[in-house]
Amino acid sequence: MFAAERRQLILEMVRANGAVSLRELARVVQTSEVTVRRDVRALEAEGLLDRRHGGAVLPGGLSREPGYPQKTHLAAAEKSAIADYAATMVAEGDAIVVGAGTTTQELARRLARVPGLTVVTNSLLVAQALAHANRVEVVMTGGTLRGSNYALVGSGAEQSLQGLRVSRAFVSGSGLTAERGLSTTNMLSASVDRALVAAAAEVVVLADHGKLGSDTMFQTVATENIACLVTDEQSGLSEEASRELDALADHGVQVCIAQAPVAAAPAVAGVPGVPFPGQRRSPGAGVPVAGRGIVRR
C-alpha cells in the first residue's frame, strides 16, 4: 500500500471513531507502528488530526483540552469551595480513590489533615499534596506519565488497580451531562478514570458550573453510576446548566452545591438512607433539599 493510500485510510479511521490507537491503525493498514507513527506525524503537520500518546484523535473541538498551567487559573474560587465541601465527606480511617485534575488537587490539600486516611491516585499532583501529611498513606498506580496533567495513564495504571476496593472515588473531568454522565477529552485518561471508579463502592464527581452541559469525547462515568455531584453556586448559571442540574437530580444523582467553604459535614446521602462516612446527623434529622435532590450548603 502506497503512503498516500495508507494515510487516507488512517484519516478515515480517525474520523469515523474519533480516536484510534497506533496499534489498531497498524493492524488495519497492515504495517508497523513505526510507519504508522510517521504517517500520523505527517497528517498532524497538515492539520488533519492530532497525535496523542499511543494514538491519534480528531483535531480541535472535543479532542482538545487546556494544559495544567491554564486550568489552574480557571474557576479557582469555585474549585476551592468544591474541595472544601468534598473534604467533609471523608472521615478518619477511610480508604478512597482520588483522580487527576486541578479540583481533585485542591481536595488533596485538604485531606492532608485526615488521620489514618489511605488515598489511591494516579496523579502526581495529588500525591505531592499529600507527601508530607502525617498518618496519610498514599498509594500510586503504575503507568506512563502524561505530562499535560501530571497523571499516570496506560495499561500499567489500569492493571495496578485490578482487585482494589475502596469506599469512594472522587473524580473530575472535562464535561458533565445528564445524558452521558462525566466525560473527558483524552482516551488514555478516560480508560484510567474508568478503572479508578470501578474500584470504588460510590462515585463522587467534582465539577464546577462551567462543565455542566458540556459533552466531551470519552465517557468516564455513566450518570447512573454517579452517587453525588459537588458543584459550585453561580448566580449567573445558564439555563442549560440549570436544566442539567435538574436532570441529574431526576436521574438519582445527589447534587450538592457549595456556596461557601463549610466547616461541618453536610447532611447529604450518597445512597438514599445511607450517610457518607464522617457525616454527622442526629437521629431523625432530615436532608435539606432545594428543588429536586439539590442540596445547597
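Glutamate 202 is buried in this predicted model. Its relative accessible area is 13%, under the 20% cut-off for burial. The residue forms a salt bridge with arginine 168, and the closest N and O atoms are 2.8 Å apart. Arginine 168 lies in strand S9 and glutamate 202 in strand S12, so the pair ties together parts that are 34 residues apart in sequence. Arginine 168 also counts as buried, at 3% relative accessibility.

The structure holds nine salt bridges. Side chains of opposite charge can pair when their charged atoms come close. Aspartate 84 sits in helix H5 (residues 76-87) and arginine 110 in helix H6 (residues 102-111). The two residues are 26 residues apart and link distant parts of the chain. Aspartate 84 is buried, with a relative accessible area of 16%. Arginine 110 counts as buried at 14% relative accessibility. Salt bridges also join Asp84, Glu106, Arg109 and Arg110 into a network.

A further salt bridge is formed by arginine 135 and glutamate 92. Here the closest N and O atoms are 3.9 Å apart. Arginine 135 lies in the loop between helix H7 (124-130) and strand S6 (136-140), and glutamate 92 in the loop between H5 and strand S4 (95-98), so the pair ties together parts that are 43 residues apart in sequence. Both partners are exposed: arginine 135 has a relative accessible area of 52%, and glutamate 92 has one of 56%.

Attention now turns to the nonpolar residues. In soluble globular proteins, nonpolar side chains tend to be buried together. The largest nonpolar core has 30 residues. Val171, Leu176, Val205, Val221, Leu229, Leu248 and Val255 touch the most other members. Two or more residues of this core come from each of strand S9 (166-171), helix H9 (187-198), strand S12 (200-206), helix H10 (239-250) and strand S15 (254-258). A second, separate core holds 27 residues, including Ile82, Tyr85, Met89 and Leu130.

Leucine 176 illustrates the packing. Beyond its neighbours within four places in sequence, leucine 176 is in contact with residues including Leu182, Val205, Ile226, Leu229 and Leu248. Gly181, Ala207, Lys211, Leu212, Gly213 and Ser214 are also among its contacts.

Five of the five residues of S15 are buried, so the strand is largely enclosed by the rest of the structure. Both of its faces are covered. Gln254, Cys256 and Ala258 are buried on one side, and Val255 and Ile257 on the other. S15 pairs with strand S14 (residues 228-232) in the parallel sense, over five bridges. Within this region, leucine 229 has valine 255 of S15 as its bridge partner.

Helix H2 (residues 22-29) shows a two-sided pattern. Its buried residues are Leu22, Leu25, Ala26 and Val29. Seen down the axis of H2, these residues fall within an arc of 100°, so they line one face of the helix. The face turned away from the buried side carries the exposed residues Arg23 and Arg27. The buried residues of H2 pack against helix H1 (3-17), strand S1 (19-21), helix H3 (33-45) and strand S3 (55-57). Glutamine 30 follows H2, and its phi is positive, near 60°.

Terms used:
Residues are numbered from 1 along each chain as its sequence is written. This is a predicted model: local features need pLDDT of at least 70, side-chain atom pairs count only at pLDDT 80 or more; totals for chains, interfaces and linings use all residues. Side-chain values use heavy atoms; hydrogens and water are left out. A nonpolar core is a set of buried Ala, Val, Leu, Ile, Met, Phe, Trp, Tyr and Cys residues joined through side-chain atoms within 4.5 Å. Buried means under 20% relative accessible area, exposed over 50%, partly exposed in between (1.4 Å probe, protein chains only). Helices (H or I, at least four residues) and strands (E, at least two) are DSSP runs, numbered from the N terminus. Contact means heavy atoms within 4.5 Å. Two strands pair if DSSP finds at least two bridges between them. A salt bridge is a side-chain nitrogen of Lys or Arg within 4 Å of a carboxyl oxygen of Asp or Glu. The arc is that of the directions from the helix axis to the C-beta atoms.
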